[in-house]
Amino acid sequence: MTLILQIEGCAIHDIPSLYAEINRVFMAGEDWQLGPSLDALDDLLHGVHGVLAGHERATVIWSDIEHSRAALGRTTTRQWLQSKLEAPGTFNTRTIARQLDALQRGEGPTYFEIVMDIFASHRQITLVPA
C-alpha cells in the first residue's frame, strides 16, 4: 500500500520553514526533528525514520509548489551559500564560492532545485506537484 502525504507549499517561505513543513509531514509522532540539512533530508527519504518507516512506497503531493519554488529560489539560495562562506573552516569555501558565482550567472541550481533532485533520487517516492 502506498502512503500518501501532502506538503503545504504555501507554508514554505525560506529554508527554516521548509524544514518545519518537512518535519510536520514526515516526522509526525517522532520525538526528534530533522535539522536544516540537505543530507538529513536525503537520509530521511530513505524511509528509515518518521512516517516513511515501514512503507515501501509513498506519494508526496506538494501543493502550491510554485510558491515554494519562488521562496527557495535564487535569493534564498544566494543567502544560504553566503552564510556558508561566513563560516570558515566548516565548508569548502572554494566550492561554495564557485557555486555562488554559478548561481549569480544564472547557471547554478537553486535550493528548490536541489531539494527536487533529492526527492527524484528516491524512486520509492512519487512527487506530485500541485
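Where is the place of T110? Select T110: its place is in the loop between α5 (93-104) and α6 (111-120). Helices (H or I, at least four residues) and strands (E, at least two) are DSSP runs, numbered from the N terminus.

This is a predicted model, where local features need pLDDT of at least 70, side-chain atom pairs count only at pLDDT 80 or more, and totals for chains, interfaces and linings use all residues. Residues are numbered from 1 along each chain as its sequence is written, and side-chain values use heavy atoms, with hydrogens and water left out.

Stay on T110. T110 is buried, at 8% relative accessible area (buried means under 20%, exposed over 50%, partly exposed in between; 1.4 Å probe, protein chains only).

Next, select the sheet. Its 3 strands run in the order β1-β2-β3, open and with parallel pairing (two strands pair if DSSP finds at least two bridges between them). β1 (2-8) and β3 (125-129) stand at the edges, each with a single partner strand, so one side of each lacks a neighbour in the sheet. β1 and β2 (residues 57-63) pair over 7 bridges. Find L3: opposite stands A58 in β2.

Now the rings. The structure holds 4 aromatic pairs (rings of Phe, Tyr and Trp, its six-membered ring, with centres within 6.5 Å; planes under 30 degrees apart are stacked, over 60 edge-to-face, the rest tilted). Select F26 and F119: this pair is tilted, 6.4 Å centre to centre, with 50° between the planes. F26 lies in helix α1 and F119 in helix α6, 93 residues apart. Then select W62 and F112, an edge-to-face pair at 6.0 Å and 75°. Finally, show F26, W62, F112 and F119 together: they form one aromatic cluster.
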